[in-house]
Amino acid sequence: MTENALTATFSALADPTRRAILARLSQGETSVTELAQPFDMSLPAISKHLKVLERAGLIVRGREAQWRPCRIEPEALKTVDDWLEDYRRFWDQSFDRLDEYLRGINGKDKKRGRKS
């Protein structure tokens, strides 16, 4: 994933309305009208949110006669998850080292007769 694509993805995910739209789309394809129902905003406002999600590659919009179905693009989220995995590994390793260090300190304190 390029830096620009990653920036667009995180920018799209930063908005709570767009995250709610993605949560709804994770349940299956639906129309723009159905997506707009739970929100207190106009269809054009929802459409702007959808355009941001679409530009980030997080959703795909189709056209079938009068129906405009939207669906989530799982590969885009997989790419973000892959990017985050490097950081998960880093933090897991850091916490493992900290845990090992603290166990070592605890062991030394017990040998010296100190209470934890």
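Me: How do helix α2 and helix α4 pack, and at what angle?
Reply: Two packed helices are described by the angle between their axes together with the distance between those axes. In this predicted model, helix α2 (residues 16–25) packs with helix α4 (residues 43–55) at an angle of about 75°, and their axes are 10 Å apart. Angles of 65 to 115 degrees count as roughly perpendicular, and α2 and α4 are therefore roughly perpendicular to each other.

Me: Which residues make the contact of α2 with α4?
Reply: From α2 the contact draws on Thr17, Arg18, Ile21 and Leu22, while α4 contributes Ile46, His49, Leu50, Val52 and Leu53. By residue class, the contact divides into 6 nonpolar, 2 polar and 1 charged.

Me: How many aromatic pairs does the structure hold, and what is the geometry of the rings of Phe90 and Trp91?
Reply: Ring pairs are read from the distance between centres and the angle between planes, where planes over 60 degrees apart count as edge-to-face. The structure holds 4 aromatic pairs. For Phe90 and Trp91, the ring centres are 5.0 Å apart and the planes stand at 75°, so this pair is edge-to-face. Trp91 also pairs with Phe95, with 5.8 Å centre to centre and 35° between the planes, an arrangement that is tilted. Both Trp91 and Phe95 lie in helix α5 (residues 74–111), 4 residues apart, which is about one turn of the helix.

Me: What is the relative accessible area of Phe90, and what is the relative accessibility of Trp91?
Reply: Phe90 has a relative accessible area of 42% and is partly exposed, and Trp91, at 47% relative accessibility, also counts as partly exposed.

Me: Which residues form one aromatic cluster?
Reply: One aromatic cluster is formed by Phe10, Trp83 and Tyr87.

How values were computed. Residues are numbered from 1 along each chain as its sequence is written. This is a predicted model: local features need pLDDT of at least 70, side-chain atom pairs count only at pLDDT 80 or more; totals for chains, interfaces and linings use all residues. Side-chain values use heavy atoms; hydrogens and water are left out. Rings of Phe, Tyr and Trp (its six-membered ring) pair if their centres lie within 6.5 Å; planes under 30 degrees apart count as stacked, over 60 as edge-to-face and the rest as tilted. Buried means under 20% relative accessible area, exposed over 50%, partly exposed in between (1.4 Å probe, protein chains only). Helices (H or I, at least four residues) and strands (E, at least two) are DSSP runs, numbered from the N terminus. Axes are lines fitted to C-alpha atoms, for helices over the stretch in contact, and angles run from 0 to 180 degrees between N-to-C directions. Angles under 35 degrees count as roughly parallel, over 145 as roughly antiparallel, 65 to 115 as roughly perpendicular and the rest as oblique. Contact means heavy atoms within 4.5 Å. Ala, Val, Leu, Ile, Met, Phe, Trp, Tyr, Cys and Pro count as nonpolar, Asp, Glu, Lys and Arg as charged, and the others, Gly among them, as polar.
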